[in-house]
Amino acid sequence: EAIMQATMNLSAVSGTSRVSTQRLTCPVLKPRQSRASTKALSATSNTSTISSVPVDGQAALSRRQLGLGLCIAGIATQIVQPANADDFTVTKSGLRVLDIRPGEGSSPEPGDTVVVHWSGYTKGYQGKRIDNTSTRDEPYEFVLGEHQAIAAFEEAVTTMKVGGIRRVEVRGEIPELSYPRDRSQRFTNELVPSKEGKIYRYRYGPQPVELGGQRALDFVLDNATLNDLNRTLLFDIKLLAVRKARKA
């Protein structure tokens, strides 16, 4: 079968200002081979350029796997310049934020329900993928200000606008922004429906649905031999919609 070729630039964001840019050939299947691929990609061009992919420069993540995932995902659909570490803005809490694409309209308020697509990686340890909701078109929803999501997500989404894409780096030395390291605080007693095996529900979202992704995340959070740098997480968040809270 003949396939189209999409050329992608991978900009590896590291902890320093040095940026490593690599070339990746990404296969895009024909419509009859993969409906998911063609739904996410435009058929009007034989090539597309995507840059600034969230993966550490020294990560062991498969470049082909990551590239194909982003081709299908639709999160990184805008041509952007490679991101330097210095491009990130550091908030008062210590969260590192980089706006890849601005949105439109007003930002959500406490009590509003926000709908997002997200992809996450264990940036500080092997660049393992945690999850990517775009690949299965299952957005994550949570009520802003109700502590349903980790603090990093709450803070990041608060100042976003619909259609915007924001990259956030959750440094391992600031655990209060991330998932609880105490397993009794991280998990509930519920199981997440999955064909891959037993996946226990997190008390705070976003919830990984891929078994491999949750294992990678839990390893980073649980392994006492890792230093804080190894516990750093990287997320891309796309704000899809905001449902305003009903006034009493």
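This is a short walk through one protein chain, from the whole model down to a few single residues.

The model is predicted. Mean pLDDT for the protein chain is 75, with 65% of its residues at 70 or more.

Now the overall picture. The protein chain has five helices and 11 strands. It has 248 residues, of which 48% count as buried. The accessible surface is about 12700 Å², and carbon and sulfur atoms account for 49% of that. If we take contacts between residues at least 6 apart in sequence, 68% of them join residues at least 24 apart.

Next, the inside. In soluble globular proteins, nonpolar side chains tend to be buried together. The largest nonpolar core in this model has 29 residues. Which of them touch the most other members? They are Leu95, Phe142, Phe153, Val157, Tyr179, Phe235 and Ile237. As for where the core comes from, strand 5, strand 7, helix 3, strand 8 and helix 5 each supply at least two residues, and so does strand 11.

Take Tyr179 from that list. Beyond its neighbours within four places in sequence, Tyr179 is in contact with Ile150, Tyr202, Tyr204, Gly205, Pro206, Leu217, Leu221, Leu233 and Phe235.

On to the aromatic residues. The count is eight aromatic pairs. In one of them, the ring centres of Tyr140 and Phe153 are 6.4 Å apart and the planes meet at 70°; over 60 degrees counts as edge-to-face, so this pair is edge-to-face. Tyr140 belongs to strand 7 and Phe153 to helix 3, so the pair links distant parts of the chain, 13 residues apart. Are these two residues buried or exposed? Tyr140 is buried because its relative accessibility is 14%, and the limit is under 20%. Phe153 is buried too, at 0%. Both also belong to an aromatic cluster, together with Trp118, Phe142 and Phe235.

Helix 5 is the next stop. This helix has 12 residues and spans 16 Å from first C-alpha to last, close to the 16 Å expected. Its buried residues are Leu211, Gly213, Gln214, Ala216, Leu217, Asp218, Val220 and Leu221. What covers them? The cover includes strand 5, strand 6, helix 4, strand 9, strand 10 and strand 11.

Gly205 and Pro206 are joined by a cis peptide bond, with omega about 5°. Pro206 sits in the loop between strand 10 and helix 5. Then there is Gln126, which is not a glycine but has a positive phi of about 65°. Gln126 lies in the loop between strand 5 and strand 6, and at 36% relative accessible area it is partly exposed. Asp137 also has a positive phi, near 55°, in a residue other than glycine. The loop that holds Asp137 runs between strand 6 and strand 7. With a relative accessible area of 48%, Asp137 is partly exposed.

Technical notes
Residues are numbered from 1 along each chain as its sequence is written. This is a predicted model: local features need pLDDT of at least 70, side-chain atom pairs count only at pLDDT 80 or more; totals for chains, interfaces and linings use all residues. Side-chain values use heavy atoms; hydrogens and water are left out. Rings of Phe, Tyr and Trp (its six-membered ring) pair if their centres lie within 6.5 Å; planes under 30 degrees apart count as stacked, over 60 as edge-to-face and the rest as tilted. Helices (H or I, at least four residues) and strands (E, at least two) are DSSP runs, numbered from the N terminus. Buried means under 20% relative accessible area, exposed over 50%, partly exposed in between (1.4 Å probe, protein chains only). pLDDT is the predictor's confidence in each residue, from 0 to 100. Contact means heavy atoms within 4.5 Å. Accessible areas come from the Shrake-Rupley method with a 1.4 Å probe; for residues, only the protein chains shown count as cover. The expected span of a helix is 1.5 Å times one less than its number of residues. A nonpolar core is a set of buried Ala, Val, Leu, Ile, Met, Phe, Trp, Tyr and Cys residues joined through side-chain atoms within 4.5 Å.
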